Amino acid sequence: MRKNRYLLSILFMFAVTISPLFAQSIFDSEVDFPQLGNFKEPGNVTVSGSGDNVVYTLQGNGNGLGYSDGADEGFYVYKEQAGSWSLQGKMSWFDPQGFAPFGSAGVMIRENPEAPNSRHYSVITRANETGEGTASQYRNLFALGGLPTTEFVTADGQPVTVRDDGLWLRATYVDPLNLFYSEYSFDGAEWILGHIQVLPWNAPSLAYGLFIANDEDIDFYAYAKFTNVAFSFPPPIAKRSLSQASFKSGDTILVTIDLLNSSDSSVDVTIKETIPAGWTASSISNGGAATDGVITWNLRGVPSGNAALTYEVTAPALPDNRAEWSGFVAGSLQIQGKSGLLLSAGGFDRVRDDLLVLYTFDEGGGNVVRDVSEVGEPLDLTIQDPSMVEWGTGVLSVIGVNKIKTGVPATKIIDPILASNEITIEAWIAPATLQQTGPARIVTLSYNASLRNFTLGQAETAYQVRLRTPDTGDNGAYPNLQSPPGVVTTVLTHVVYTRDDYWSTILYINNEVIVNDDNILEISGEYINGDIVGWDASYEFGLGNEINADRPWLGDLYLVAIYSRALTEDEVAQNFAAGPNLSVDVANWSVY
């Protein structure tokens, strides 16, 4: 059947005009990525119609995105542009012989359009024998182990598929914020956010276009039609910053909302900002008004470029230990940036017995994270790309996909844990977003996306821990321990995972037991059985990403520690009370 399909496709190729892009196209270039597998036939785009009725018919052959762990194979038609842009199109599957949809097609932004292994961000629809689905996907410089992918689902949990009248897809890049996001729509009017990611490529221009491939190493074509293909400016985007990294009762904090209008003309903007419960807003700029804890700005004629809105908030006499902000720009995204502060008493010493490594991120700059455990030989970490991090006082902010790893086998961690058959993983962190998945690697001792000794990761609003035992396999994933959804926030969080010699497992979030032997079956589905044996002594230790793959995590790192035993509940409470960093004033620790 597939061989016949290929032969008929060849006839179709010669039946249509294979020519350069027509004048009515918004694109001016095309590339057919070279053969990587056993089969590769030339791709093609034909452009028909005019005005608002232009139709792009794409056909492509190739293994698609991320084939051979680092390069793409398929067909891409594009235009390079500088600045902030959205590209949208309404996609429909098409086959000249009436075969069922097969392959992948969608909207893609590439850093280097001609390079098969270029960094890219895309929103892609796929179809094969097992069904259809739509997802965002991206590549950074380190693509081994596959590409990070976020599958889109409808409100009732079903995969997003191309309907009879098509599926609208849109990919957007916001230049100053290094922000990429993808959306889909069933009618072209109501757009649904599928994924958002900061990828600070800092390229002077990017290519925007349409991509197609058959996704398999076989000799037939995939076909798709795109209509309503258009460039547009992204809607206004806002980013919040807070003047303090901590708060006490009665403190007044300055909040700044930077508004970016990427278009070339003035626009009207409505912004709504919800302040922390019990706090009082004052000194609201630009005519904003507060009602029931919500500040509203109705701005008219906001010019192209940046504008700053400000206000002050004052903490109550008896504040909660957590203060959270939320807000949105009407017709656009949630307000980006900092969204919370956390208050704690602090002032206690940390547990040191059986400590293996400790990272408190006091360096303030450079490309080395020091192991300050004072236990044996330090196991320092090297930051592969310092431009993708920002240093603060006792904090390392991971702002782009990076590698922060030992560069040598982490035997300092591996050998004692194998000897004790126990482990504690501890981290003070503040995730950048709630849409990180993979899971996104926060702390890992591993080799690549499928081989590890252990990993603490983020799966959107849940934390996940993978631990290698004879029962869980080389990936430590089947089964793994996963928290209930909804426990991840973007506020500073204390995450602790312990497992003792009797296989008893506990996950603590902010000194609260979230998963233990009493509820693990209900939450994770299975017990995590097996001794800690069979670990690979060659694996490296790293933060913020997989060692030899891309499963990036973005956010703030304040403290990471590994122990060769399971801390007790009282010891976890002691470390929680000590706060995230010995180098700061723990009496008032808190972080955005």
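Buried here means under 20% relative accessible area, exposed over 50% and partly exposed in between, using a 1.4 Å probe and protein chains only. These views show a predicted model, in which local features need pLDDT of at least 70, side-chain atom pairs count only at pLDDT 80 or more, and totals for chains, interfaces and linings use all residues. Residues are numbered from 1 along each chain as its sequence is written, and side-chain values use heavy atoms, with hydrogens and water left out.

View A. The whole structure holds 21 aromatic pairs (rings of Phe, Tyr and Trp, the last by its six-membered ring, with centres within 6.5 Å; planes under 30 degrees apart are stacked, over 60 edge-to-face, the rest tilted).

**View B. Trp279 and Trp325 form an edge-to-face aromatic pair.** Their centres are 5.7 Å apart, with 65 degrees between the planes. Trp279 is buried at 9% relative accessible area, and Trp325 is buried at 4%.

**View C. Glu546 makes polar contacts with Arg441 and Ser446 through side chains.** Such a contact is a pair of N or O atoms within 3.5 Å; within protein, one must be able to donate a hydrogen and the other to accept it, and residues adjacent in sequence count only if both atoms are side-chain atoms. The Arg441 contact spans 2.8 Å and the Ser446 contact 2.3 Å. Glu546 counts as buried, at 1% relative accessibility.
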